[in-house]
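I opened my notebook to look at how the parts of this structure meet.

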2 protein chains.
Amino acid sequence: MRNIKLTVEYDGTNYAGWQCQKSKIKTVQETIEKAIQRILQDKIKIIGSGRTDAGVHAQAQIANFKTDSSIPLEKLQKALNAVLPDDIAITKVEEVGLDFHSRFSAKSKVYRYTILNRASRPALLKDRVYFLPHPLNLKLMQKEAKALLGRHNFQSFQAQDKKEKDSIRTIKNLKISRNRDFIYIDIEADGFLYNMVRNIVGALIEIGRGRFPEGSLRKILESRNRKLAGPTVPARGLSLIKVNY
Amino acid sequence: MRNIKLTVEYDGTNYAGWQCQKSKIKTVQETIEKAIQRILQDKIKIIGSGRTDAGVHAQAQIANFKTDSSIPLEKLQKALNAVLPDDIAITKVEEVGLDFHSRFSAKSKVYRYTILNRASRPALLKDRVYFLPHPLNLKLMQKEAKALLGRHNFQSFQAQDKKEKDSIRTIKNLKISRNRDFIYIDIEADGFLYNMVRNIVGALIEIGRGRFPEGSLRKILESRNRKLAGPTVPARGLSLIKVNY
């Protein structure tokens, strides 16, 4: 028995996310499982590091599966990339210890949210960015964001319809930077609740636009009330950048 | 009479280029002209800084047109971006002197060619990069590229089926850089022959792969023989970055 670890890049635009309850919609996980089945002639379930929502992208999602096949790693990677649709690519294939579990072994994950902040809508990266023409006060956003660092109950930033029992998570890093017209919000945490990044970014944007007063992010966090935290920003600006083990 | 200058961003994937002889294929120029016509109720021809081939992108193509309309610039930009398809965006609208001509007034243009240089094919930027899994000797490419700097007859790098009378051009800058898996080849010249960037990049790749010996780029240039210069790389990796006036 071998344990195979896959690093997966995907454009989430045409998928119902990594994994989905409703079985009729195409997901990234299913698509990869079908490709493995075709190559190894064996029905296999892969384990992802976590779900990504519909329309969310990944530069480096991690998944693993166990197999008795002795196929060489390089051959498996080439075969997968030949069989998979062109919006999913396997960028790395490794053999790992049998105790490696993509989800449970993960120490932290890093998501990046990208805002295109200029007067006119995008043509080149329209499925990768959230277009926002309003000026944003980045310094204030950076200052306010500090309230989220560390171990907190993130119930205020959790999707209302998909609550988890335990909404305590630890944000290890939160960086807001600008490169020309692009604003990047990078968040590293030990785990994420449903829509947590998109809800945090929604609140940060309200702050950056001056629609939430200074000090409000801490208050929203402490309120544990989703209704106070502002809108959920669109999925297309979000990308899973890295999973740390 | 006013002279209006447009800065245009486009994803060239679904277009037959900026302008095209065969009138039945959709071009970027026509698409913009139709949008202007719809807004200004006037049949207008726009002048581009130059043609881009089918599948080539632009971060900042320049075009201009003359009109008697007194429409405010901001209103025109908003209306254009509302009417244009989502793979074309007008990022700037300015009023310029009546003698401004997008093509004849241009001092130089900058193109960027992007190579994805890693083992596995892309999923996220598949329409924006040329995927090349082979190792490339960047230092050798940089050294060889120096032969192209300055004023030369670039006949060796000109498309065989679309020759221009005068194939003398001046390359002002040629920079080859790497950022992680991406290799960027940026070329600034006073003008470009058909396929010139894509043919230069094709030759540079042959050098980087060790398939052309050292000193060969100068020999190819001096030979004025297209057949010696290697393959034409795909359009999807090419983007018009800037037009200098």
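Before using any domain limits, I noted that domain bounds come from an automatic or database domain assignment. I also wrote down that this is a predicted model.

**Entry 1: the domains of chain A**

I looked up the division of chain A and found domain 1 at 2–96 and domain 2 at 108–244. I then checked the spacing: the C-alpha centres of domain 1 and domain 2 of chain A are 27 Å apart.

**Entry 2: where the domains meet**

How many residues are in contact here? I found 16 residues of domain 1 of chain A touching 15 residues of domain 2 of chain A. For the area, I noted about 1200 Å² buried between domain 1 and domain 2 of chain A, with 47% of it on carbon and sulfur atoms.

Between domain 1 and domain 2 of chain A I have 2 salt bridges on record. I looked at the one that joins the side chains of A:R128 and A:D11, with an N to O distance of 2.6 Å. That distance falls within the 4 Å cut-off used for salt bridges. Polar contacts across the interface of domain 1 and domain 2 of chain A come to 10 residue pairs, both residues being at pLDDT 80 or more. I then sorted the residues on the domain 1 side of chain A that touches domain 2 of chain A: 5 are nonpolar, 8 polar and 3 charged.

**Entry 3: chain A against chain B**

I turned to the two chains. Chain A gives 25 residues to the contact, and chain B gives 25 residues too. My note on area reads about 1900 Å² buried between chain A and chain B, 50% of it on carbon and sulfur atoms.

Which side chains meet in a salt bridge? I found A:R118 and B:E9 paired at 2.9 Å, N to O. The count between chain A and chain B is 2 salt bridges. I also listed 16 residue pairs in polar contact across the interface of chain A and chain B, both at pLDDT 80 or more.

**Entry 4: what chain A brings to chain B**

I traced the side of chain A that touches chain B back to its elements. At least two residues each come from β1 (2–10), β3 (57–67), α2 (73–83) and β4 (88–96) of chain A. The largest share, 4 residues, is from β4(A). By class, I noted 11 nonpolar, 6 polar and 8 charged residues on the side of chain A that touches chain B.

Terms used:
Residues numbered from 1 in each chain as written. Chains lettered and ligands numbered in written order. Predicted model: local features only at pLDDT ≥ 70, side-chain atom pairs only at ≥ 80, totals over all residues. Heavy atoms only, no water. Contact = heavy atoms within 4.5 Å. Buried area = accessible area lost by both parts, 1.4 Å probe. Polar contact = N/O pair within 3.5 Å; in protein donor to acceptor, adjacent residues only side chain to side chain. Nonpolar A, V, L, I, M, F, W, Y, C, P; charged D, E, K, R; others polar.
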